[in-house]
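Hi,

Here is the structure I promised to pass on. Have a look at it first, then read my notes below.

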Amino acid sequence: LVLGTSWVGLPPFVPGGYLGLSLVVFIAYWTDKRAAQAGRRRTPESTLHLLALAGGWPGAMAAQHWLRHKSAKVSFLVVFWATVLLNLGALAFWIHEHRA
């Protein structure tokens, strides 16, 4: 993790943050899928999108693939991919601004 980030100029807390948020998002997707199956109250899509935007999108992608949850609803996926692009754009900007 540290070696992989040093060549990009990222401090270790950045990939650690992505990893931690990804775990949180994966669990949120899992919890939402179980709630849907049981007919219980669901996690709002806006919450899932905000967590993805904050950096948990790799976990969301993993959950969409492995849990087969939120992987077919086009309107959700359009917003999801917009959050991924915004997050990566912000990360690229941050890397650019902090390289000196």
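Which residue just after helix 2 takes a positive phi? Gly39 does, with a phi of about 75°.

Before the rest, a word on how to read this. The model is predicted, so local features need pLDDT of at least 70 and side-chain atom pairs count only at pLDDT 80 or more, while totals for chains, interfaces and linings use all residues. Residues are numbered from 1 along each chain as its sequence is written, and side-chain values use heavy atoms, with hydrogens and water left out.

Now the overall picture. The protein has 4 helices and 0 strands (DSSP runs numbered from the N terminus: H or I of at least four residues for helices, E of at least two for strands). Along the sequence that reads α-α-α-α. The C-alpha atoms fill a box of roughly 55 × 25 × 20 Å along the principal axes. Of the 100 residues, 35% are buried (under 20% relative accessible area, using a 1.4 Å probe and protein chains only).

An α-helix has 3.6 residues a turn, so residues three or four places apart point the same way.

Next, its partners. Helix 2 (residues 13-38) packs with helix 4 (residues 74-98) at an angle of about 165°, with axes 14 Å apart (axes are lines fitted to C-alpha atoms over the stretch in contact, and angles run from 0 to 180 degrees between N-to-C directions). The two are therefore roughly antiparallel (an angle over 145 degrees). Val14, Tyr18 and Tyr29 of helix 2 make the contact with Phe76, Phe80, Asn87, Leu91 and Trp94 of helix 4 (contact means heavy atoms within 4.5 Å). By class, that is 7 nonpolar, 1 polar and no charged residues (Ala, Val, Leu, Ile, Met, Phe, Trp, Tyr, Cys and Pro are nonpolar; Asp, Glu, Lys and Arg are charged; the others, Gly among them, are polar).

With helix 3 (residues 45-66), the axes of helix 2 come within 7 Å and cross at roughly 65°. The contact between helix 2 and helix 3 has 16 nonpolar, 5 polar and 1 charged residues.

Cheers

Technical notes: Angles under 35 degrees count as roughly parallel, over 145 as roughly antiparallel, 65 to 115 as roughly perpendicular and the rest as oblique. Buried means under 20% relative accessible area, exposed over 50%, partly exposed in between (1.4 Å probe, protein chains only).
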